[in-house]
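Here are some exercises to work through with the model open beside you. Try each task before reading its solution.

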Amino acid sequence: MKLLLRIVSLAFVAALAQACEKSFLYEDQPNKPVAIFETVWQDLDENYSGFLPGERSWENVYSEYRPRVTVETTKKELWEILTEMLDELNDEHVKLYRDGEFFVSGSGKAEQAVSEFDLELIANDYLTGVASPNNYILYGRMAGKENIGYIFIAAFLDENVEIIGTILQQLDYRNLDALIIDLRTSIGGYDGLAAEYSSYFSDGRHHVYNSQFKNGPDRNNFTKPKAFYTHQSGAINFTKPIILLADAATASEAEIFTLNMRSYAHVTQIGDTTAGALSTVGPARFLANGWRYEYSIQRITNPDGNTFEKVGIPPAKHIQNTETDILNGEDKVLEESLHYLQQHFNF
């Protein structure tokens, strides 16, 4: 069981490693506070994809923070200034790293969500037949209601696109009446896996979202929109009632999975609104003082042109645990899911 309960931390480490595979180094950048500040601000001004109408302008942000940086600014002070400035973007895909420490923009709600979730509690008190095919997924059946399956996805990092089909077979999916898929605290992962994982639950072809990538320094420099649709995996297909659990720490590819799943008529999203960080992160950028940072380079929009970026995907039914609930050994979000299935489907 201890191995299974390391899922979240291992997934996070793997995600960080992935983010560092490619990088951009400012080779001619002076290792001076003003130059470093200007580099970060200018780079985001030209290449960050997440500026939205109605937000405080990036120019006004510059006017507030730039005067605080001088030739005498210490590394500690520069870190505080940059993290405060980046927090203005309220985008969990905007991150700054130094010496084993990292900052994530707009992560307050996600940090709270992590404290309101306990996988060990679920595995020990709510499930039977617990198993894990890798470091990112745990599954079983609900104790006392073995006709309801449960799958927890900590991260979309297993490149075996058939892993969900294998899990459904292990759960004997034909004899299940319903399924709970838990994405709470899911950090995301590899592009494309969300569509493949969700294809095992598809009820048809749906236009899910449009994607564009930043391709120039002007705010409106984006590639032409590319439409993405749901598809069906093939022989294994589960279209009975599904409860999809998400929270404020559900981010990135986990949100793309949520977009796919919520397009199916048999799926109900319960929990809290997701993080609102759907887009792809660009290559890491290295600064002259040894720090590095990263940010969004993609724009995800709904078919109607609106976006869940920085807003999050809202549930059909809102419910949150508290830290006290968890300490008392209760996962009220999971219990509400079971109540919903009983109330609406008599399971």
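**Exercise 1: Around strand S7**

Isoleucine 151 has isoleucine 181 as its bridge partner in S7. This is a predicted model, in which local features need pLDDT of at least 70 and side-chain atom pairs count only at pLDDT 80 or more, while totals for chains, interfaces and linings use all residues. Residues are numbered from 1 along each chain as its sequence is written, and side-chain values use heavy atoms, with hydrogens and water left out.

Task: find in which sense S6 and S7 pair, and over how many bridges.

Solution. Step one: strands are DSSP runs of E with at least two residues, helices are runs of H or I with at least four, and both are numbered from the N terminus. Two strands pair if DSSP finds at least two bridges between them. Step two: S6 and S7 are parallel, with five bridges. Step three: follow the chain from S6 through H7 to S7, a β-α-β crossover that is right-handed. The term means that, with the strands pointing away from the viewer, the path from the first strand over the helix to the second runs clockwise.

Task: now look at the other pairing of S7; which residues of S10 face isoleucine 180 and aspartate 182?

Solution. Step one: S7 and S10 (residues 242-246) run parallel and are joined by four bridges. Step two: isoleucine 180 is partnered by isoleucine 243, and aspartate 182 stands opposite leucine 245. Step three: check the cover of S7, where five of five residues are buried (under 20% relative accessible area; exposed is over 50%, partly exposed in between, with a 1.4 Å probe and protein chains only). Ala178, Ile180 and Asp182 point one way, Leu179 and Ile181 the other.

**Exercise 2: The sheet and its helices**

Task: give the strand order of the seven-stranded open sheet, and say which strands stand at its edges.

Solution. Step one: the order is S4-S5-S6-S7-S10-S11-S15, with mixed pairing. Step two: S4 (127-131) and S15 (317-318) each have a single partner strand, so one side of each lacks a neighbour in the sheet. Step three: H7 packs on this sheet, touching S5, S6 and S7, and its direction makes about 25° with that of S5. Contact means heavy atoms within 4.5 Å; axes are lines fitted to C-alpha atoms, for helices over the stretch in contact, and angles run from 0 to 180 degrees between N-to-C directions. Step four: the buried residues of H7 (163-170) are Ile163, Ile164, Gly165, Ile167 and Leu168. They pack against S5, S6, S7 and helix H8 (193-198).

**Exercise 3: One face of H3**

Task: which residues of H3 (58-65) are buried, and why do they line one face?

Solution. Step one: Trp58, Val61 and Tyr65 are buried. Step two: down the helix axis these residues fall within an arc of 50°, so they line one face of H3; the arc is that of the directions from the helix axis to the C-beta atoms. Step three: their cover includes H2 (33-47) and H4 (75-87).

**Exercise 4: Confidence**

Task: where is the pLDDT below 50?

Solution. Step one: pLDDT is the predictor's confidence in each residue, from 0 to 100. The chain has a mean of 92, and 92% of its residues reach 70 or more. Step two: residues 1-23 lie below 50, and this stretch has 44 contacts in the model beyond near neighbours in sequence. Step three: where pLDDT is low, the predicted coordinates should not be read in detail.
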